[in-house]
Amino acid sequence: QVQLVESGGGLVQAGGSLRLSCAASGRTFSRCAMGWFRQAPGKEREFVAAISWSGGSPYYADSVKGRFTISRDNAKNTVYLQMISLKPEDTAVYYCAADYRPVSRTTLTTREDEYDYWGQGTQVTVSS
């Protein structure tokens with residue numbers, strides 16, 4: 001089993017910044033890809049960003065490209081999502097997820113059903 005705990009959410013004005021963290025425990029953290037997803041009120045959960053085992057080759061949704069940065073510290077079993085230039089439409093519950101499939105070593109996925117473990121989410125609210 002893997003436990004994922006997100007933190008760092010909150011209320012911020014448009015144009016502001018936040019950094020989300022996701023602390024993992026339970027399995028070898030360096031042998032999984034990590035992803036961030038979000039779910040806005042009344043909408044389906046959507047992919048935001050993903051990062052490989054080693055931290056290279058991050059992948060982003062078009063809606064956040066250039067504003068969000070995903071990174072990881074395998075020594076701390078933590079993945080981060082740095083968010084800048086936040087917009088009201090970024091308001092959502094943000095979830096981190098872990099993909100332990102062997103293929104995730106080289107191939108990132110945007111599909112929710114290919115992630116094995118999920119955190120409980122952290123609320124991000126961007127006011128206009």
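**Note on an all-strand predicted model**

1. Overall fold. The protein chain has 0 helices and 11 strands. Helices (H or I, at least four residues) and strands (E, at least two) are DSSP runs, numbered from the N terminus. Along the sequence the pattern reads β-β-β-β-β-β-β-β-β-β-β.

2. Basis of the model. This is a predicted model: local features need pLDDT of at least 70, side-chain atom pairs count only at pLDDT 80 or more, and totals for chains, interfaces and linings use all residues. Residues are numbered from 1 along each chain as its sequence is written, and side-chain values use heavy atoms, with hydrogens and water left out.

3. Size and shape. The C-alpha trace of the protein chain spans about 40 × 25 × 25 Å along its principal axes. Its radius of gyration is 14 Å, which agrees with the value near 14 Å for a compact globule of 128 residues. That radius is taken over C-alpha atoms, and the globule rule is 2.2 Å times the number of residues to the power 0.38.

4. Surface and burial. The protein chain exposes about 6400 Å², and carbon and sulfur atoms supply 47% of it. Accessible areas come from the Shrake-Rupley method with a 1.4 Å probe; for residues, only the protein chains shown count as cover. Of the 128 residues, 45% count as buried. Buried means under 20% relative accessible area, exposed over 50%, and partly exposed in between (1.4 Å probe, protein chains only).

5. Contacts along the sequence. Take the contacts between residues at least 6 apart in sequence: 60% of them join residues at least 24 apart. Contact here means heavy atoms within 4.5 Å.

6. The disulfide. The structure holds 1 disulfide, a term for a pair of cysteine sulfur atoms within 2.5 Å. The disulfide joins C22 to C96, with an S to S distance of 2.0 Å. The pair links distant parts of the chain: C22 sits in strand β3 (residues 18-25) and C96 in strand β9 (residues 92-99), 74 residues apart. The S-S torsion is about 50°, so the disulfide is right-handed. Both C22 and C96 are buried.

7. C32 counts as buried, because its relative accessibility is 0%.

8. The nonpolar core. The largest nonpolar core has 37 residues; L4, M34, W36, L81, M83 and Y94 touch the most other members. Strands β3, β4 (33-39), β5 (46-51), β7 (68-73), β8 (78-83), β9 and β11 (122-127) each supply at least two residues of this core. A nonpolar core is a set of buried Ala, Val, Leu, Ile, Met, Phe, Trp, Tyr and Cys residues joined through side-chain atoms within 4.5 Å.

9. M83 up close. Leave aside its neighbours within four places in sequence. M83 is then in contact with G16, S17, L18, L20, R67, F68, Y94 and V124.

10. Strand β8 and its partners. In β8, 5 of the 6 residues are buried, so this strand is largely enclosed by the rest of the structure. β3 and β8 run antiparallel, joined by 6 bridges. On that side, A23 stands opposite T78 in β8. β7 and β8 also run antiparallel, again with 6 bridges. There, I70 stands opposite L81 in β8. Two strands pair if DSSP finds at least two bridges between them.

11. S21 in strand β3. S21 is found in strand β3. S21 counts as buried, because its relative accessibility is 16%. Not counting residues up to four places away in sequence, S21 touches V5, E6, S7, W36, T78, V79 and Y80.

12. Positive phi values. Most residues other than glycine have a negative phi. N77 has a positive phi of about 55° and lies in the turn of the β7 and β8 hairpin, which has 4 residues between the strands. N77 is partly exposed, with a relative accessible area of 27%. S57 is also a residue other than glycine with a positive phi, near 50°. S57 is placed in the loop between β5 and β6 (59-60). At 62% relative accessibility, S57 counts as exposed.
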